[in-house]
Amino acid sequence: MKRRHFLQHVLTAASVLPACRFLSHLTAHAATVRAQRKACILMWMGGGPPTIDLFDLKPGSKNGGEFTPIDTAVPGIQICEHLPEIAKVFGDLSLIRSMSTREADHTRGRYYMHTSYVPNPTVTHPTFGSVVSYEFRDRLDDLQIPAFVSIGAAGGDAGFLGMAHAPFVVDASGQIRNAPSEENRRRLPRRLAMLEEIEAGFIRSRRGDLPQDHLSVYRNAVNLMTSDQMAAFSPQRSAPRWGLEAESDAVMERYGQNGFGRGLLVARRLVQIGVPFVEVSMNGWDLHQNVFQTLRNQHLPQLDRGVSALVSDLRDRGMIDDVVLVWMGEFGRTPRINQNVGRDHWASSWTVMMGGGGLRNGQVIGATDKDGVAIADGSRSFLPGDIWATVAHALGIPLNTVHTSRRGRPMKLANGGTPVKELIG
Amino acid sequence: MHMTGHRGIIRNMAVGMVLAAACGPGSEAADSAVDDSAVVAFIDAQIEQAWRDNEVRPSEQAPQAEWVRRVYLDLAGRIPRVAEIQEAFEDDEPRLRTALVNRLLESSDFVRHFTTIWTNECIGRATPRRVSRRGMEKFFREAFARNRPWNDVVYDLITAEGHFEENGAVNYILAQTQMRDDGVQLTAKTARLFLGVQIQCTQCHNHPFNDWQQKQFWELNSFFRQVRRIDHRRVDPDTGRMVDDYSEVVRRDFTGPVFFEKRSGLMQVAFPILGDERIDPDSEDRRGELGRLLTRSQGDAPPLIATALVNRMWAHFFGYGFTRPVDDMGPHNAPSHPDVLDRLAREFVASGYDVRRLIRWICSTRAYSLTSRFGRHNAADDPASGEMPLFSHMYVRAMTAEQLYDSLITATGAHQSVRGGRDAQRRQRRRWMQQFVRTFDNDENAETTTFNGTIPQALMLMNSELTARAVSAEPGSFLYDVLSRPGSDTERVQQLYLAALSRKATRAELSRMRKILRSSGPDGRVAAFQDLFWALLNSNEFILIH
């Protein structure tokens, strides 16, 4: 039985305690050998990272900034000197250096990069994590937590795909608030029996979708509350049934003792138990001033440690080909350095990083010109839809998938984007 | 459609009564030339015409209980108490509806609710550093308590100077100048919040959709260049270290043009100009000049500060404004009911920017009186799916976190357990709010909330300390009172339904709930009632405004 459907029967059935169904998975037989499942981890750089200082350096240009490029594990490819660990694992990563997107405002850029669509007042497009949750809805029977987890709330929602596919937002470090006490768990069956009665009546009274959405969310919340898969959120806890061990201090140290590092570690654990889409946010990239000092002292050490730990950990565990990685923000930053030694918003030529997922990694695709202000002559440019189409390819979601907006408008997967052909080989 | 006509007459009488009652304190500024019933009749006629044009038929008038609950949530920011529901039921229609709107507009709950809304708009829910939330709230409390004309409120906010607790209005500017960005954020926020236009991207280039030019952004920006914030520090006598003291806004010496850079790299100049109105660039009171310009009509159109507030206010009561989003008006985004928006804005100006009077008009419309239930005849009126709203039934919307908190307190008397009076309660509410606030930490000063109908919100309602307190049956609690009063279990169930959902249980609900209660046995009776109350407070019907 699919627990996710637990309340649907209730709407017609009249048994007094149908909510026992909620708890059925506690005795359910856990699959011992589980099919290898594909997943995506999105590393969201909130504020818009200066990719010209990280992944597409311009030594010798007036826009070049303070950093020097270094070699990576892949001959001929260089990145910033303050990312030495990422350089070592670059064989599992790739750079798309010719992103050209049109939205250079945070809210609009965040929306565009997450959904592949520009904002439109009459429709809310689903963020790509919600698309994955929706597409995988029938294959996740042993998953008791939401299929889309957002660590640190990057924003965006399920739009016309419905609240059941909304991101489950947890704190930056992966912590869950208001987890149930034993007492609350014990009293849940009767409470839910009563709740169902009230919910069903209000749904029947025909007031639109919100009452039904409320029910779906409660369904997911109850599944979560009563599941031992919750251990994925706490690195110190183990859940042997799901193959989760408690993480050693060494592992925690490797990822970094900060929000981003911890978030990535939780993301890996979530992927291990079968969550197909996890987003981890790292904020503070809106560097209108003092960009070099902030990068050198704060952002790059964290980023270098976290990303390299994740990549090598996935490889060590044999998961690297099943987990596709995306690293991006709303936009890049102006090649020109402003009077406050900062860089402003810039969408017309910047870099996104991808990795894992069985892609042909260790590549650089596309290029910007010598000052970084435009896509180089002869180089193709890419849109967010192309990134998400590549992810869809890696996850096995058919590219011709079309969703229908609530108004009946067909919406192409990833806005009809094309996978980056060099990566899918 | 003679039914409509009949109802229309009744409602016009009702409007007359609202107006008669409206001539109390706070409406001296009202222009007697504004005919309230004519305003409402015009809106009704326009909206009804759109129904006919789109071949929908409106829903019925909302049952009294539904309407009373809604108007409490919209005006007082909380559900009604049991006694208030019973009191309301004693009145007859339509007297009840008009009298209740008037009573709520005079209530301290109205002032608190609108203070919360506008404080959140101006400084966000996560109070930025060096901003006094208390000061901002004090400013709005006074504004709404005295029903100050809206143009005066906006004038005070953009011209404010002084200490952040002595003149609370300065906190708007303090919150919008968190970065040393030459007032860029302040410019964009002012346009969005008070003029209803989004121009943030014109900082760097001409707007791709509306007709704002980059130059106009910097012209508006140049009004704010005489702002200077001073963040005072002092020595903490205990530690000997420097700590934050107060902040203030003072006038900065600035004349002449501002310079900005075109995409091409060319530098350009901008002078303080709004629309076609140019002020003397040597003026030492640019913000004052701006405040005065904001009330000038723009050609034929009413001033944007009026249109922007009308649009927001309409959205407050219906869940949707005339444009989507409400703060992105302009030729690129045609309003759903342009004539209603225009007329309301003009009358609002003519009334002397009388906020309560605007609210009375909106609450007196036929559209606001309708139920949220709909049928086949108007199922197509579904703005959630992207359709243009026709207002042929009330749209269901979720409570804000503040509305939920205050409603929980109302339903359960949980505040009785808070010691330390109103201030302590406010602090407690603010602490509770923080769990839902996520800031993006960027130059738009934006934040998001996890109080958005998703799992974190459900977990909070199911498991939090607040809920545990709400369903407590300790002496002094609401449940204790209900359970220790004489009466039948049926009456108790009804009390809980009234407290949480502002209505009585249906017969079917009663029999199901009694069955579940009976199965708990006499020992578990208290726990069973607690669980029923828990279920009511966790239900879709409780959290939704309908």
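# A walk through a predicted two-chain model

Let's start inside chain B, where seven residues of domain 1 are in contact with eight residues of domain 2, contact meaning heavy atoms within 4.5 Å. Everything here comes from a predicted model, in which local features need pLDDT of at least 70, side-chain atom pairs count only at pLDDT 80 or more, and totals for chains, interfaces and linings use all residues. Residues are numbered from 1 along each chain as its sequence is written, chains are lettered from A and ligands numbered from 1 in the order in which they are written, and side-chain values use heavy atoms, with hydrogens and water left out.

The domain assignment of chain B gives domain 1 as 2-106 + 334-395, domain 2 as 129-194 + 196-293 and domain 3 as 401-545; such bounds come from an automatic or database domain assignment. Between domain 1 and domain 2 of chain B, about 610 Å² is buried, 54% of it on carbon and sulfur atoms. Buried area here is the accessible area (1.4 Å probe) that two parts lose on being put together, summed over both.

Now step out to the two chains. Here 70 residues of chain B are in contact with 65 residues of chain A, and the area buried between chain B and chain A is about 5,900 Å², with carbon and sulfur atoms giving 57%. Across this interface of chain B and chain A the rule finds seven salt bridges. Glu261(B) forms a salt bridge with Arg336(A), where the closest N and O atoms are 2.8 Å apart. The rule also finds 19 residue pairs in polar contact (both at pLDDT 80 or more) across the interface of chain B and chain A. On the side of chain B that touches chain A, α24(B) gives the most, with nine residues. Helices (H or I, at least four residues) and strands (E, at least two) are DSSP runs, numbered from the N terminus.

Next come the strands of chain B, where two strands pair if DSSP finds at least two bridges between them. An open sheet of three strands runs in the order β1-β3-β2 (chain B), with antiparallel pairing. Its edge strands are β1 (162-163) and β2 (227-235) of chain B, each pairing on one side only. β2(B) pairs with β3 (residues 242-251) of chain B in the antiparallel sense over eight bridges, and Arg233(B) stands opposite Asp244(B) in β3(B). Elsewhere, β4 (residues 258-261) and β5 (residues 267-270) of chain B pair in the antiparallel sense over four bridges, with Phe259(B) opposite Val269(B) in β5(B). β4(B) and β5(B) form a hairpin with five residues between them, and Gly265(B) in the turn has a positive phi of about 100 degrees.

The loop between α13 (304-318) and α14 (338-350) of chain B holds His337(B). Why does His337(B) count as buried? Its relative accessibility is 4%, and buried means under 20% relative accessible area, exposed over 50%, partly exposed in between (1.4 Å probe, protein chains only). The side chain of His337(B) makes a polar contact with the side chain of Ser336(B) (2.9 Å). Leaving aside neighbours within four places in sequence, the contacts of His337(B) include Phe322(B) and Pro389(B). Pro325(B) also lies in the loop between α13 and α14 of chain B, and the peptide bond from Arg324(B) to Pro325(B) is cis, with omega near -10 degrees.

Finally, turn to chain A. Helix α5 (residues 128-135) of chain A is mostly covered, with seven of its eight residues buried. The buried residues of α5(A) pack against elements of chain A including α4 (106-115) and β7 (277-282). In β7 of chain A you will find Ser281(A), which counts as buried at 10% relative accessibility. Ser116(A), in the loop between α4 and α5 of chain A, has a phi near 75 degrees, a positive value in a residue other than glycine.

How values were computed:
A polar contact is a pair of N or O atoms within 3.5 Å; within protein, one must be able to donate a hydrogen and the other to accept it, and residues adjacent in sequence count only if both atoms are side-chain atoms. A salt bridge is a side-chain nitrogen of Lys or Arg within 4 Å of a carboxyl oxygen of Asp or Glu.
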